[in-house]
Amino acid sequence: MKRVLSQDEEVIFGNLIRELAEDTRALKMKSFIQHGRITTYDHCISVAREAFNLNRRLHMHTDEKRLVRAAFLHDYFLYDWHDHGDKLHGYHHPKIAAENAVRDFHITEHERRSIASHMWPLNILTIPASREAWLITIADKICSSEETLLRR
């Protein structure tokens with residue numbers, strides 16, 4: 001479900017995400033299904049948009065570039081988790097996504113930590129430690145829930 005942003009916000013969001021979203025490495029996420037018929041790529045766009053939206057609506061005043069980059073790369077694990085053979089994918093994929101993002105996009109340590117903590121409270125010891133990380137965690141839960149419920 002597309003997040004509702006004003007025209008000005010759409011322009012700002014588009015400028016923040018464009019470089020990553022058009023990168024051939026990130027486009028690989030279009031090959032993998034995340035929830036129902038939603039690709040990992042589309043899920044990551046939704047999470048980035050929702051995190052951006054929450055940041056604006058809740059007046060969190062985060063660094064929007066860091067927020068959008070980490071939100072978009074939060075599931076950058078690059079495999080089909082349905083048949084990957086990892087029964088603990090939910091626990092493992094944040095670390096894999098963070099490592100891939102560091103390797104391919106040279107993200108900051110702050111962005112890496114935000115990605116690595118997005119599955120809290122499932123990963124009980126990896127607690128979000130910044131406003132950006134909390135927004136990504138919440139946005140992921142909102143989008144995942146919608147995608148899963150819409151699939152049914």
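This note sets out points on the pocket, the nonpolar core, the salt bridges and some local backbone features of the model.

1. Basis of the note. The structure is a predicted model, in which local features need pLDDT of at least 70 and side-chain atom pairs count only at pLDDT 80 or more, whereas totals for chains, interfaces and linings use all residues. Residues are numbered from 1 along each chain as its sequence is written, and side-chain values use heavy atoms, with hydrogens and water left out. Helices (H or I, at least four residues) and strands (E, at least two) are DSSP runs numbered from the N terminus.

2. Largest pocket. The volume of the largest pocket is about 300 Å³. Of its 16 lining residues, His 35, Trp 81, His 89, His 93 and Met 119 are the closest to the centre. A pocket here is an open set of points on a 1 Å grid over the protein atoms alone, where a 1.4 Å probe fits, with protein on both sides within 12 Å along at least five of seven lines; lining residues have an atom within 4 Å of a point. Grid points are joined across faces, edges and corners, and the volume is the space filled by probe spheres set on the points.

3. Composition of the lining. At least two lining residues come from each of β1 (33–35), α5 (89–105) and α7 (131–151). Helix α7 gives the most, with five residues. By class, the lining of this pocket holds nine polar, five charged and two nonpolar residues. In this classification Ala, Val, Leu, Ile, Met, Phe, Trp, Tyr, Cys and Pro are nonpolar, Asp, Glu, Lys and Arg are charged, and the others, Gly among them, are polar.

4. Nonpolar core. The largest nonpolar core has 33 residues, and Ile 17, Phe 72, Leu 73 and Ile 115 have the most contacts inside it. Two or more residues are given to this core by each of α1 (7–21), α3 (40–57), α4 (64–73), α5, α6 (109–116) and α7. The largest share, eight residues, comes from α3. Such a core is a set of buried Ala, Val, Leu, Ile, Met, Phe, Trp, Tyr and Cys residues joined through side-chain atoms within 4.5 Å. Buried means under 20% relative accessible area, exposed over 50%, and partly exposed in between (1.4 Å probe, protein chains only).

5. Surroundings of Leu 73. Residues up to four places away in sequence not being counted, Leu 73 touches Leu 20, Ala 97, Ala 101, Phe 105, Ile 107 and Ile 115. Contact means heavy atoms within 4.5 Å.

6. In one of them, the side chains of Arg 57 and Glu 9 meet at 2.7 Å, N to O. Arg 57 lies in helix α3 and Glu 9 in helix α1, so this pair ties together parts 48 residues apart in sequence. Arg 57 is partly exposed at 42% relative accessible area, while Glu 9 is buried at 8%. A network of salt bridges links Glu 9, Arg 56, Arg 57 and Glu 64.

7. Arg 66 and Glu 132 form a salt bridge through their side chains (3.4 Å, N to O). Arg 66 is in helix α4 and Glu 132 in helix α7, 66 residues apart. Arg 66 counts as partly exposed at 28% relative accessibility, and Glu 132 is buried at 3%. The side chains of Glu 111 and Arg 69 also meet in a salt bridge (3.0 Å, N to O). This pair links helix α6, which holds Glu 111, with helix α4, which holds Arg 69, 42 residues apart. Both Glu 111 and Arg 69 are buried.

8. Strand β2. Ile 38 is found in strand β2 (residues 38–39) and is partly exposed, with a relative accessible area of 30%. Neighbours within four places aside, Ile 38 is in contact with Phe 32, Ile 33, His 43 and Glu 147.

9. Backbone features in loops. The peptide bond from Trp 120 to Pro 121 is cis, with omega near 10°; Pro 121 is in the loop between α6 and α7. His 59, a residue other than glycine, has a positive phi near 55°. His 59 is in the loop between α3 and α4 and is exposed, with a relative accessible area of 56%. For His 106, phi is positive, near 50°. His 106 is in the loop between α5 and α6 and is exposed at 66% relative accessible area.

Key
A salt bridge is a side-chain nitrogen of Lys or Arg within 4 Å of a carboxyl oxygen of Asp or Glu.
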